[in-house]
Structures are given as structure tokens and as C-alpha cells.
Amino acid sequence: MTASQDRDHVDLITEQWNVERPELDTVPMAVFGRIYRITRLMGDRMDRTYARFGLSRGEFDVLATLRRAGEDHDLSPSQLSTRLMLTTGGMTGRLDKLERAGLVERVPDPTDRRALRVQLTGHGLEVIDEAVVAGLDVQAAAVAALTPEQTAALDDALRVLLAASTDQ
């Protein structure tokens, strides 16, 4: 820790472990403790941001996935479930709510009349375009505490950590 950095609650926790169990390497605990705390704090901020658009974070994820899907902004319900790692039942509940709000619609699949596609409505497209900008503003404000070099290094380090975590 450099002199310019303030101590935080994670420092207190690791210092306590270092007293009680000095043989332990608590650096991984500090890293994941901070990741966990940042995730909780930013999750709360994102929840408040998306709530301004009448969305939960899960509903935002559905709309954002459709928005990124390309020109027609549509996917099958099973594609959405797979991309969002949700059960079909969980996806159905989200889609029902989004459909009632006029943000998505279920339309017949033009290539398979037994299947449906989920498509953003015009209103849904407007809402997700505004919500994604608002969310990015919140995230940008948080990373503004870092230099561009620190942000890039953190992004690279987290990419490596994520890859290592998914390999296990």
C-alpha cells in the first residue's frame, strides 16, 4: 500500500488474519474481498440507475442482449436463456413483465411457424438506449478514480483472472 492510499475495511480484515494466522497469505482474500465489495456497491448503483427507467438489472440484461443482437433486435427465447444463463422459467417471467410494459413483443419466427422470436419494440429500443448510456455514466464515474493506464491494467488483470476462474 502506498502512502497516498487510504486504508479500507479489507485492510482491517487481512491485518486481523495476519495477527491470528501469520502463516497465511491474505493477498487473495484482499483481492476478492475488494472485488466483492465493489460488485455489491456498483450493483446497488446500477439498480438505482435502471430503476429510473422502470427496469430491474435482470430486465435491463434482457433488453441489452436484444439490442446487441443486430439489426432486427430479436432472438428466440432459448437463445436469450442461453446468453443470460437463465432457466426458461426465469426467462419467461422476465419476458412477461417486459411485454406487459410494451418493451418487447413475442412474434412468430419467419423460418419456423412453431417457434417465436422476442423482439424489442420501438419503445423498448428507446428505453434500452437511454438506460445503457445512464449505466455507462455511473460506471465511468467510478473508474474516473483511476488513471487511463490503471483502468487498462485493471481490465487486463481482471480478464486474466476471469479466464483462470472459468478454467477450474
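**Salt bridges in the model**

Glu-15 comes out as partly exposed, with 34% of its relative accessible area open; on this scale buried means under 20%, exposed means over 50%, and partly exposed is what lies in between (1.4 Å probe, protein chains only). The model is a predicted one, so local features need pLDDT of at least 70 and side-chain atom pairs count only at pLDDT 80 or more, while totals for chains, interfaces and linings use all residues. Residues are numbered from 1 along each chain as its sequence is written, and side-chain values use heavy atoms, with hydrogens and water left out.

Arg-7, the partner of Glu-15 in a salt bridge, is partly exposed too, at 48%. Their closest N and O atoms sit 2.2 Å apart. A salt bridge here is a side-chain nitrogen of Lys or Arg within 4 Å of a carboxyl oxygen of Asp or Glu, and the count by that rule is 13. Side chains with opposite charges can pair up when their charged atoms come close.

Then there is Arg-34, whose side chain meets that of Asp-8 in a salt bridge with an N to O distance of 2.8 Å. Arg-34 belongs to helix α2 (residues 27–51) and Asp-8 to the segment before α1 (9–20), so this pair ties together parts 26 residues apart in sequence. Helices are DSSP runs of H or I, at least four residues, and are numbered from the N terminus. Asp-8 is partly exposed at 31%, as is Arg-34 at 27%.

Arg-34 also pairs with Asp-11, again with 2.8 Å between the closest N and O atoms. Asp-11 is buried, at 13%. Through shared partners, Asp-8, Asp-11 and Arg-34 form one network of salt bridges.

Terms used
Helix = DSSP H or I, 4+ residues; strand = E, 2+ residues; numbered from the N terminus.
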